[in-house]
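Please look over the sequence and the model below. A short report follows them.

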Amino acid sequence: MDIPVFAEKQIELLQAERDADITLQTSLLSTLPPTALLRHGLALTNLLPTSQRTGFGGRTIIDLQPDPAIFPTGLLPPHGIRQGDIVRLEVQPGGSASKKEKADAKAAGIEGVVHRVFEERLALAVETTGDEVDRIWSGKRLWVVKVANEVTFKRMEKAMGFLKALGEKGDTTGLVDVLFGRRAAKEVPEGYEKMEVNWFDDGLNDSQKQAVRFALASEEVALIHGPPGTGKTQTLLEIILQLATPPTTSSSTPPTPKKILVCGPSNISVDNIVLRLPSSLPVIRMGHPARLLPQVIKRSLDNLTRTSEQGEIINDVRKEMDDLLSKLKATGKTRMKGRARKEGWDTVRHLRGEYREREKKCVTEIVKWSEVVLATLHGAGSKQLWSEKFDIVLIDEGSQALEAQCWIPLLLTNKSSIQKLILAGDPMQLPPTIKSQTKGSIPKPPRTKTEIPESLEITLFSRLLAIHGEGIKRLLTTQYRMHATIMHFPSQELYNGSLIAASSVAERLLCTSLPYPVTKTEDTSIPLLFIDTQGGLFPEDSSPSTPSAKSPTSESKSNTLEARVVATHVHALIAAGVHPEDIGVLTPYSAQVSLITKLLRGTYPAVEVNTVDSFQGREKEAVVFSLVRSNDENEVGFLKDKRRVNVAVTRPRCHLCVVGDAETVGQGGKGGFLGRWIGWLESAEEAEVRYADVGEVLAGWAGGIEVEAED
Ligand SMILES: Nc1ncnc2c1ncn2[C@@H]1O[C@H](COP(=O)(O)OP(=O)(O)OP(=O)(O)O)[C@@H](O)[C@H]1O
C-alpha cells in the first residue's frame with residue numbers, strides 16, 4: 001500500500017469528520033437557548049465560582065456551585081456534563097443579551113476539562129494563569145458549554161503527517177511495513193501451541209491460553225478476536241504480566257522484561273485494565289486525573305509524582321502558590337491592591353513556571369523506570385512519552401478505535417524501538433461512530449493489499465485481517481456472559497458457530513440466577529422472547545423527528561405503541577422481582593430512547609434506556625430491544641447493520657426480549673443477516689414468540705406510566 005497516499009486520505013477524512021463535528025456543535029449552540037442546551041446535555045447553567053486551587057501540571061481547579069437563587073436545594077440540576085469533558089467557562093448571557101454581548105462573553109471565556117462532578121458542585125481544571133481566572137471571577141453568574149474536542153483530531157492528524165513523511169522518505173520500520181502489507185508478517189515459530197507458560201491466571205480457558213501463547217510467540221503482529229463476553233481483557237492481562245515479568249530460567253542471563261505501552265480508545269477501557277492488574281506490578285496510568293476512575297488515581301502519574309521524593313518539593317511550591325492565590329482572592333478589607341497585587345500575580349506566574357519545570361523532571365524519571373505504561377490512544381501522544389522507548393504496543397478495544405488513533409502510540413513515541421503490535425477487538429461489533437459518513441452505508445474493508453480505505457469506519461483491526469488473513473488472529477471462544485440460547489444466533493452467523501457458553505452461564509435465568517429472589521413467571525423463566533407486532537397496528541410514528549432547534553438530534557424514528565409494549569414488559573419483569581437497575585432497554589433510535597424514557601422514568605427511573613451504540617461493551621441481566629421500524633415499505637434503516645444487532649442482542653446475561661414487526665424487519669432484511677435473524681426468532685424453536693395485541697397494550701399496565709405531553 002502506498003503509505004503517503006493512505007496518510008493523505010486519512011487526513012482528508014479526519015478533516016471532514018472534524019468539520020462535521022464542529023458544524024453540529026456550532027449549529028446547536030447557536031440555535032438553542034441555554035435551557036435547551038442544558039436539557040440536551042451540552043451546557044450547565046447558573047453557576048457561581050466558589051474557590052480555586054492548584055492541581056496537577058500547575059492547572060487551576062475552579063469549583064463551581066449552582067446559584068442558590070435559582071437552585072435553592074443547593075444541588076446541580078440533571079445535566080449531561082461528564083468528568084473529562086472539554087468545556088468553555090463563560091459569563092452566562094442574560095435572556096435579553098444582544099448578539100454583541102453574547103459574542104463578548106464567549107471571547108472572554110476560558111477552556112477547561114471537567115475535573116470532578118459532584119451532586120452539588122463541578123470542579124473544572126483550567127490551563128490558565130490566576131489573573132485570567134480572576135478576570136471572570138468577580139461573582140458573576142457563569143455557565144459551562146461543551147466544546148468539540150479538536151485536540152484529538154490534531155493528534156491524529158499529526159500522527160498521519162508523520163506517517164506520510166516516513167513513507168515519502170522511505171524511512172519506515174519493519175513493523176510499519178508489515179502493518180501496510182508491504183511484506184508478510186514473520187511466521188509464528190512452529191509448535192508455539194505447546195509453549196511452556198507459567199500461568200499467572202491458571203483459570204484461563206484453552207482458547208485464551210492459545211491466544212496468549214500466540215501473542216507471546218508472534219514477532220510483529222497478533223490480533224486477538226474477542227466476541228462479546230469472551231474475556232478479551234482477561235487474556236490481555238495475562239499477556240501484560242507475561243511480558244512484564246518473564247519467568248526466570250536456569251540460564252545465566254536473566255530474561256529482560258519488555259517495556260509495554262498499553263492503550264485503549266477510551267479512558268474507561270484503559271482503567272478497566274489498570275483496575276485488574278495486580279497491585280504488585282509497577283505501572284503508570286498516564287492521563288488527566290480528571291478523567292480517571294477514582295480507584296486508579298493512586299497509580300496515576302499525578303499521584304506517583306506527588307508521592308515521590310521530588311514530589312515533596314513540588315508540593316511545597318504548590319502550597320506556596322495556593323497560599324498566595326487565596327490572598328489574591330480575598331475581598332473586602334483584606335483585598336490586595338495596586339502594586340502589591342500586581343507583584344502577587346507575578347510571583348504566582350514565576351512559581352507556576354518553577355512548579356512545571358520540577359514536575360517535568362520528576363515525571364521523566366518515573367516514566368523511564370516503569371515497565372508498563374497505560375494511556376488512552378490519544379494520551380499516548382502526550383509530550384511525556386515522546387522519546388520513550390517501548391518494545392511492544394498493546395491495544396484493547398482496537399475495533400472501536402479509528403485507525404489514525406492507533407498510530408498515535410506507534411508513531412508519537414520512539415517508533416524505532418517498537419517491535420510488536422498486539423491488537424484486541426471484535427470487528428463484528430460497532431466501529432467508532434463517524435458523523436461525516438453517509439447514513440446507511442456500511443463500508444467494506446479493502447479487498448487487496450494496495451486498496452486505500454475510503455472510510456474512517458475501516459479499523460486497523462479489519463484492515464490487517466483483510467491484508468494478512470486469519471493467520472495473524474486467534475479467536476476466543478468461551479463466553480462468560482449469556483445464556484446459551486441468547487448466544488446461539490450471533491455465534492452461528494458471526495463467529496462460525498464456534499462460541500461456547502461457559503457452564504457457569506449457559507443456563508442463566510432471571511428466576512434462578514440473580515442474587516436475590518425473583519418469582520418464576522412466564523417471563524422470568526425464559527431466556528429469549530420475541531414480541532411480534534406485525535399486522536400494521538403498531539406503525540412507526542409517521543413524522544420522524546428531524547433536526548430542529550426543538551429536537552436537534554439527527555433524523556430519528558420512534559414508535560409510540562411499541563414503546564408501550566416495551567414498558568409493559570419492563571413492568572412485568574419488575575413485578576416479578578427483577579431490580580430495575582438490572583434491566584436495560586435498547587433501541588437504535590434516539591427518538592425512541594426519549595419516548596421510552598418518558599414512559600418509564602416516573603415509576604422506574606433506575607431502568608436504563610439507551611441507544612445500542614452507547615451501550616456497547618456493557619451488560620444487563622435483562623435487555624428489552626425495541627426495533628421501532630414498522631412500515632409498508634419495509635424500510636429498516638439503522639437495523640441493517642448486523643454489528644448493531646449483534647451488539648444489542650449480546651448485552652443480556654439472562655433474558656432478552658425483542659419487540660418489533662417481523663414483517664417489516666424480516667422483509668427489509670430479506671436475504672441478509674437481519675432477515676435470517678427474524679426468521680430464527682420466529683421459528684420458535686429457541687425463542688418464545690408472542691403476538692402483541694393493541695387492545696391489550698392500551699388497556700394494559702398504564703397505572704404507573706407517566707405519559708407526558710411533548711415538551
Ligand atoms: N477463563 C475465565 N474463567 C472464568 N471467567 C472468566 C474467564 N475469562 C473471563 N472471565 C470473566 O468473563 C467476564 C468478561 O471478561 P472480560 O471483561 O475480560 O471480557 P471482554 O471480552 O473484555 O468483555 P467485553 O466484550 O464486554 O469487552 C468477566 O467477568 C471475567 O471475569
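**Domains.** This is a predicted model. The domain assignment of the protein lists four entries. Domain 1 covers 3–151. Domain 2 is made of the pieces 173–247, 255–282, 370–439 and 448–475. Taken over C-alpha atoms, the centres of domain 1 and domain 3 are separated by 26 Å.

**Ligand shell.** The ligand is surrounded by 14 residues. Gly231, Lys232, Thr233, Gln234 and Tyr480 are the closest. Helix α8 (residues 232–244) gives the largest share of the shell, three residues.

**Helix α11.** This helix runs over residues 309–329 and has 21 residues. From first C-alpha to last, α11 reaches 31 Å, close to the 30 Å expected at 1.5 Å a residue. Its buried residues are Ile314, Val317, Arg318, Met321, Leu325 and Leu328. These residues lie on the same side of α11, because they cover an arc of only 100 degrees around the axis. An α-helix has 3.6 residues a turn, so residues three or four places apart point the same way. The other side of α11 carries exposed residues: Glu309, Glu312, Asp316, Lys319, Asp323 and Ser326.

**Helix α13.** What is the burial state of α13 (residues 403–411)? The helix is mostly covered, with nine of its nine residues buried. The buried residues of α13 include Trp407, Ile408, Pro409, Leu410 and Leu411. Glu403 and Gln405 are also among the buried residues. The cover over α13 includes the helices α1 (3–31), α5 (150–169) and α14 (460–468). Strands β8 (260–264), β11 (392–395) and β12 (420–425) are also part of that cover.

Is Lys620 buried or exposed? Lys620 has 22 C-beta neighbours inside 10 Å, so it counts as buried. Lys620 sits in strand β19 (residues 620–626). Leaving aside residues up to four places away in sequence, Lys620 touches Asp582, Ile583, Gly584, Arg651 and Pro652. Trp386 belongs to the loop between β10 (372–376) and β11. Trp386 counts as exposed because it has 10 C-beta neighbours inside 10 Å. Beyond residues up to four places away in sequence, Trp386 touches Leu412 and Thr413.

Two C-alpha to C-alpha separations for these residues are tabulated here.

| Pair | Apart in sequence | Apart in space |
|---|---|---|
| Lys620 and Leu236 | 384 residues | 23 Å |
| Trp386 and Ala105 | 281 residues | 37 Å |

**Positive phi.** Most residues other than glycine have a negative phi. Asn496 has a positive phi of about 50 degrees, although it is not a glycine. Asn496 lies in the loop between α15 (484–494) and β15 (500–501). With 10 other C-beta atoms within 10 Å, Asn496 is exposed. Asn634 also is not a glycine, yet has a positive phi of about 55 degrees. Its place is in the loop between β19 and α20 (642–649). Asn634 is partly exposed, with 16 other C-beta atoms within 10 Å.

Note on methods. Residues are numbered from 1 along each chain as its sequence is written. This is a predicted model: local features need pLDDT of at least 70, side-chain atom pairs count only at pLDDT 80 or more; totals for chains, interfaces and linings use all residues. Helices (H or I, at least four residues) and strands (E, at least two) are DSSP runs, numbered from the N terminus. A residue is buried if 20 or more other C-beta atoms lie within 10 Å of its own, exposed if 12 or fewer, and partly exposed in between; C-beta atoms are placed from the backbone. Two residues are in contact if their C-beta atoms, placed from the backbone, lie within 7 Å. A residue is near a molecule or strand if its C-beta atom, placed from the backbone, lies within 6 Å of it. Domain bounds come from an automatic or database domain assignment. The expected span of a helix is 1.5 Å times one less than its number of residues. The arc is that of the directions from the helix axis to the C-beta atoms.
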